[in-house]
Amino acid sequence: YTTLTFVDPTEMLHFLSAAKIKLIRSIRKHPDTITNIAKVVNRDRSSVYRDISELERFGLVQIHEAINPGHGRHKIVELTSPNFKLEATI
């Protein structure tokens, strides 16, 4: 698993929103496009995009292009590790 350490505990609390946890669980079950993930978690695409961008900044997800037969390419979001450990230092 990957360990993510927060220097400021309030940053970790902000990061650990129920919406982000739901996103991580959805991506773990089925890596997909942001649009499809938004449908699965029943959220607005722009909100999901914002959360996924934050998860990518912290290194929890990566986005790669994949061939979509007959439709060009699309971007797939997947986890960088099967499990994550989050800790904060006070």
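Predicted model: local features only at pLDDT ≥ 70, side-chain atom pairs only at ≥ 80, totals over all residues.
How many nonpolar, polar and charged residues does the lining of the largest pocket have? Residues are numbered from 1 along each chain as its sequence is written, and side-chain values use heavy atoms, with hydrogens and water left out.

**View 1. Ile52 in the largest nonpolar core.** This core has 18 residues, and Val48 and Ile52 touch the most other members. Leaving aside residues up to four places away in sequence, Ile52 touches Leu23, Ile27, Ile34, Ile37, Val61, Ile63 and Val77 (contact means heavy atoms within 4.5 Å).

**View 2. The lining of the largest pocket.** Seven nonpolar, no polar and three charged residues make up the lining. Among them are Phe15, Lys20, Arg25 and Phe84. H2 gives the most, with five residues. (A pocket is an open set of points on a 1 Å grid where a 1.4 Å probe fits, with protein on both sides within 12 Å along at least five of seven lines; lining residues have an atom within 4 Å of a point.)

**View 3. The hairpin of E2 and E3.** These strands pair in the antiparallel sense over seven bridges (pairing takes at least two DSSP bridges). Ile63 has Val77 in E3 as its bridge partner. Five residues sit between the strands, and Gly70 takes a positive phi near 85°. (Strands are DSSP runs of E, at least two residues; helices are runs of H or I, at least four.)

Methods
Core = buried A, V, L, I, M, F, W, Y, C linked by side-chain atoms within 4.5 Å. Buried < 20%, exposed > 50% of the residue type's maximum accessible area, 1.4 Å probe, protein only. Nonpolar A, V, L, I, M, F, W, Y, C, P; charged D, E, K, R; others polar.
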